[in-house]
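Here are some notes to read alongside the model, for anyone meeting it for the first time. Please keep the sequence and the 3D view open as you go.

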Amino acid sequence: MGNLEMSTGDMRDVIRLLTAVERTPEQERVLAVARDRCAQIDARFEADDITLDVPVAQALEELLDGSPTADMEPGYRYAFQALVAVQFSDTYDLGHWRRPSWFHTVDEEMTGHGVPADLAPAALLFAGPPIRLPHPGDALPAMGTFPASRAAELVEAYEAVLDRLDPEVRETAEVLLEPMRVEAREWERTKQAGRTEDTVFFWMH
């Protein structure tokens with residue numbers, strides 16, 4: 001089971017923070033907020049009797065040092081998401097899903113009707129982080145990124161097949177379709193304003 005969220009921002013800001021040799025005052029401010037978020041996640045896990053081999057706060061520091069100490073551990077993805085959350089837009093709630101594997105079934109039907117494989121839901125949601133991170137060791141947490149510049153392309157592809165989809169599959173497609181319509185419009189405004197929020201980030205946990 002997992003909660004699915006999406007947000008939009010400039011992934012270069014996240015990568016620059018992770019790779020900075022000397023951080024700017026703004027980067028230090030962002031990092032302080034991210035560290036606090038990681039500590040809150042660890043506290044929530046502790047309250048739920050969940051023990052990670054590498055706590056999220058420690059995972060963040062290891063990512064900043066470029067030296068993860070585990071090959072398979074979910075804490076690193078939570079730490080990376082904390083950095084994204086601080087610098088991206090407020091999250092758009094895409095609901096709670098009992099079976100994340102359902103999205104692969106949706107992909108199969110949608111691609112069968114002509115939706116390009118790289119635009120199908122599971123391809124977006126489970127493509128993985130934009131940088132190399134230790135494997136989480138389970139299906140969740142999962143993440144994926146998608147270029148905001150392609151939001152209109154996705155909307156067109158989904159709308160072209162909606163009427164031919166099984167009702168349950170169509171309902172799932174529409175969960176993604178509505179916010180991506182918003183992203184397509186927002187991308188045009190972003191370009192006109194010269195802003196750089198060009199990445200849609202998906203997070204299921």
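**Notes for a new reader**

1. Let us start with a loop: aspartate 49 sits between helix 2 and helix 3. Helices here are DSSP runs of H or I with at least four residues, strands are runs of E with at least two, and both are numbered from the N terminus. Aspartate 49 has a positive phi of about 60 degrees although it is not a glycine. With a relative accessibility of 71%, aspartate 49 counts as exposed; the cut-offs are under 20% relative accessible area for buried, over 50% for exposed and partly exposed in between, with a 1.4 Å probe and protein chains only.

2. A word on the source. This is a predicted model, in which local features need pLDDT of at least 70 and side-chain atom pairs count only at pLDDT 80 or more, while totals for chains, interfaces and linings use all residues. Residues are numbered from 1 along each chain as its sequence is written, and side-chain values use heavy atoms, leaving out hydrogens and water.

3. How do the helices on either side of that loop pack? Helix 2 (residues 25-47) and helix 3 (residues 56-65) pack at an angle of about 145 degrees, and their axes are 7 Å apart. The axes are lines fitted to C-alpha atoms, for helices over the stretch in contact, and angles run from 0 to 180 degrees between N-to-C directions. From helix 2, Leu31, Ala34, Arg35, Cys38, Ile41, Asp42 and Phe45 meet Val56, Ala57, Leu60, Glu61 and Leu64 of helix 3, where contact means heavy atoms within 4.5 Å. The residues of this contact divide into nine nonpolar, no polar and three charged. In that count Ala, Val, Leu, Ile, Met, Phe, Trp, Tyr, Cys and Pro are nonpolar, Asp, Glu, Lys and Arg are charged, and the others, Gly among them, are polar.

4. Arginine 35 is worth a look in that contact. Arginine 35 belongs to helix 2 and is partly exposed, at a relative accessible area of 33%. Beyond its neighbours within four places in sequence, arginine 35 is in contact with Leu60, Glu61 and Leu64. Arginine 35 and leucine 60 are 25 residues apart in sequence, and their C-alpha atoms are 7.5 Å apart.

5. Now to the largest nonpolar core, which has 35 residues; Met110, Phe146, Tyr158, Met180 and Phe202 touch the most other members. A nonpolar core is a set of buried Ala, Val, Leu, Ile, Met, Phe, Trp, Tyr and Cys residues joined through side-chain atoms within 4.5 Å. Among the elements giving two or more residues to this core are strand 1 (2-9), helix 7 (151-161), helix 8 (167-193) and strand 4 (199-204). Helix 8 gives the most, with seven residues. A second, separate core of 30 residues includes Leu17, Leu31, Leu63 and Ala82.

6. Which residues does methionine 180 touch? Leaving out residues up to four places away in sequence, methionine 180 touches Met6, Phe146, Ala151, Leu154, Val155 and Phe202. Methionine 180 is in helix 8 and is buried, with a relative accessible area of 0%. Methionine 180 and methionine 6 are 174 residues apart in sequence, yet 10.0 Å apart in space, C-alpha to C-alpha.

7. Phenylalanine 202, in strand 4, is buried with a relative accessible area of 0%.

8. Threonine 190 is buried, with a relative accessible area of 2%, whereas lysine 191 is partly exposed at 44% relative accessibility. Threonine 190 touches Arg195, Thr196 and Glu197, not counting residues up to four places away in sequence.

9. Finally, please check the backbone at proline 141: the peptide bond from leucine 140 to proline 141 is cis, with omega near 0 degrees. Proline 141 lies in the loop between helix 6 and strand 3.
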